[in-house]
Number of protein chains: 2
Amino acid sequence: MSAAAAEREKRQLARLRDELLDLQVRLRREPGFALALVIAGAPTAGRSEVLNELLEWLDPKYIHVHAFPLRDAAARKAPPLARYWRALPARGRMAFYFTGWYEDYLAAALHDGAKKRGASRREIERLRRLESMLSADRVRIVKIYLSLDAKTQRKRLERLRADKLTRWRITREDLRLAKRHERVARAAADCIGATDQPAARWRVVDGADERKRMLGVARLLRDDLQAGFAQSSRRRAVRLPPPLIAAPAMPTEPEQRIGDDDYDVALAKLQGRLARLVRRGRFRKHALVLAFEGMDAAGKGGAIRRITHALDVRQYRVAPIGAPTPEESLHPYLWRFWRCIPERGAITIFDRSWYGRVLVERVRGFADKADWVRAYEEIREFELQLAESGVIVVKFWLNVSKAEQLKRFKARDEDPLKRFKVDEEDWKNRELYDAYQRAAVDMLRRTHTEHAPWIVAPGDHKQSARLIVLAAACEQIERALDRSD
Amino acid sequence: MSAAAAEREKRQLARLRDELLDLQVRLRREPGFALALVIAGAPTAGRSEVLNELLEWLDPKYIHVHAFPLRDAAARKAPPLARYWRALPARGRMAFYFTGWYEDYLAAALHDGAKKRGASRREIERLRRLESMLSADRVRIVKIYLSLDAKTQRKRLERLRADKLTRWRITREDLRLAKRHERVARAAADCIGATDQPAARWRVVDGADERKRMLGVARLLRDDLQAGFAQSSRRRAVRLPPPLIAAPAMPTEPEQRIGDDDYDVALAKLQGRLARLVRRGRFRKHALVLAFEGMDAAGKGGAIRRITHALDVRQYRVAPIGAPTPEESLHPYLWRFWRCIPERGAITIFDRSWYGRVLVERVRGFADKADWVRAYEEIREFELQLAESGVIVVKFWLNVSKAEQLKRFKARDEDPLKRFKVDEEDWKNRELYDAYQRAAVDMLRRTHTEHAPWIVAPGDHKQSARLIVLAAACEQIERALDRSD
């Protein structure tokens, strides 16, 4: 290369550095989106170097770098994408991912036999859906693959090894991968082909020349940040996805109210059944998520306590879901729920849940229509991923009538022990009773699935509702344990 | 018991429930302290039942229940108390701990041979210090041991086993422990004797009668909450702890500035040495914490980048420490740092650190004197715990002169790439240069230890300072790896 060309590139780099720093400052001031930069690539193509250099250019306080080891035993206890979800950047920030969520994919493509090469269709689908979901939820994704021809790679390795001061940079894994240059390239091409999509395009940058590769990466990053500012206010037209089931029955009254004595016996039996189920050895291959939804005073708390009464405090956790904190608001919607997913053998009971988006946030107008409409499919995918990794998911809609709700509000107001349970918000929500019911029907029809069913429990008689809830929980667990031979 | 006595107890329980709920609401409104309730006890003495009942009485949204399994392989990767630290309640909240941080202690007392019975002195010391630190940092600790005589325990187990509906409540571990009633009681007595202290008294409640035990626990909880409100404004007199070392030399200028060419060679050599060290197999039994402190523009960022340059992005994390978030402010001071401690084999580089309390918070008056004075010993204990579990800790004070700092501020103001690095706060801190220096000397003298040494690097010549930092990091790692045969 001529000296003049080199000088030109250096000037371009300096300008890019300036532009990127300005864009980062602007992103912090106008946190309309987050940016996730995934850098994958061949050994010695410069992944570490590029990330290191970007960290030197930018203010590292507002950037998280994530590198995920191949999934070990501990990671395998959680759904495959859980750890990536937990590591997402808040809006206004950037995160850099060393290989990102492609680590396992690429490793599988390399290490398995020819037959098992690459990821299964479902694995690919999961990655694609993750990215389209993030993209819709204002996380921009820049995916860069640093390629390197075999000859340059060989020369680079030789040069690094020849020098005592740089020899340490080369790992055994690097050498192993370099020997299989063809196969690595093929696996990468497969991966890129399968996971390139409008929401998250792959870009290939040649890693052979250090300056050129840095120019390439920095330009892609700059262009994407600029596009983010240009686009962040645009909103697409949205339409409700088609329902999965016909309109569900929405009884508020059980067929027959159970008597007090019968209730006590039935309750103890069901609690015993539940307790034995979650203590079975086989349950340790699973986890349990119970989600409770329903209008205020529908009886969620009481039903949850009848369940926890049967459990050991060491095994479960109740996660009460309220309005998101400021930090949670800056993340993709499902982020905070991913962080509550139980490990194998454990139980999380959600007192309200991720359905808030299509219930309270929809009815009260806290979420844009585009966001809550999108949520049905996001939630389906979320629950499918849980089910795929052995998490048993059961969802309860406690259906209380308007009249019964009023009675309970009044009773609470008079009870010093329960007064704290009714506040202005609750009365406001009550005015919207009919809108909530419509939202609940839409929700039930669009998110009732085989692997994450809704149970509608008539809420006007608390005792009956509790038995229905307990029985349904037991049945779903039994079904899952029977299947998991 | 007479029917009248039973009625009286029921009324007392109802009143206590009312009082506790009021106190919980008050605690949320006046978040002057947090409360940690530890319930330990003999099998079937009612630990689960008591916690369950308290959760039914109170608003569970603001209570976390924590139960820790015996430390498994994953937990052993972190210092023993790390998981308890991470689970501390914020002020205004309560947390209930099933056996709490005594799980391992009690298990060790039971399972080990007579010789190893009980915990080592240091283990006990750690627990005592944890509790006195929390207590000083406005976490009230209520420790209750539910006792149970052998006969009642036997009868209770028999009754539970006789009934098909309750049989599931009994685990094999319960039976095993019940058979060793004497030994369990002795271990508990040892534990209570060794860890009872003014900051966290043990209370023993007889678990034989369900109502009486609930009355006992609820009263203790109520009394402690009331004491918390009565006390939360009281402040003790405080005195600086004696220094550990004589006044350290505080050079801002190296003995000799290194030339540019020599610097490049020396830097590459040290980076290679560091890189090889953290890739040694033996390093995986350790972890590395590097903490950087120094005035603004002292060169922390540059020194950190020279270190990260030698590392693989997958192995390290830079944790920039700024003003605490609102959530962090509600927790004990060291809480947020415990959450950043690296796992075995990993590296965390702190860009500013837990020393903020005795530097910026002291100098600017952000912390009460009682709090920053206490911090020296808290920090020593914190670092000792890290060292005990194999974490290599090295701390750097980059010592820049007032004149050189001014020069750098001005240069930054003129450089569009670095402008963002100087803000009003920095200029304000600069005015307090002398106060910072005094605070730094106090800090160095009181927290320079064998296992977590301070390195004072003369900061006026960046290149020299970087080499000193790198060399010291390498030496400390080498020393630790040599010792860990």
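**View 1. B:Asp224 in its helix.** B:Asp224 sits in helix α10 of chain B, residues 210-231; helices (H or I, at least four residues) and strands (E, at least two) are DSSP runs, numbered from the N terminus. This is a predicted model, where local features need pLDDT of at least 70 and side-chain atom pairs count only at pLDDT 80 or more, while totals for chains, interfaces and linings use all residues. Residues are numbered from 1 along each chain as its sequence is written, chains are lettered from A and ligands numbered from 1 in the order in which they are written, and side-chain values use heavy atoms, with hydrogens and water left out. B:Asp224 counts as buried because its relative accessibility is 16% (buried means under 20% relative accessible area, exposed over 50%, partly exposed in between; 1.4 Å probe, protein chains only).

**View 2. The neighbours of B:Asp224.** Leaving out residues up to four places away in sequence, B:Asp224 touches B:Leu35, B:Arg140 and B:Val142 (contact means heavy atoms within 4.5 Å). B:Arg140 is 84 residues away along the chain, yet its C-alpha atom is 7.8 Å from that of B:Asp224.

**View 3. Where chain B meets chain A.** Here 41 residues of chain B are in contact with 41 residues of chain A. The two chains bury about 4,100 Å² between them, 61% of it on carbon and sulfur atoms; buried area is the accessible area (1.4 Å probe) that two parts lose on being put together, summed over both. Elements giving two or more residues to chain B's side include α1 (3-29), α2 (47-57) and α11 (260-279). Of these elements, α11(B) gives the most, with seven residues.
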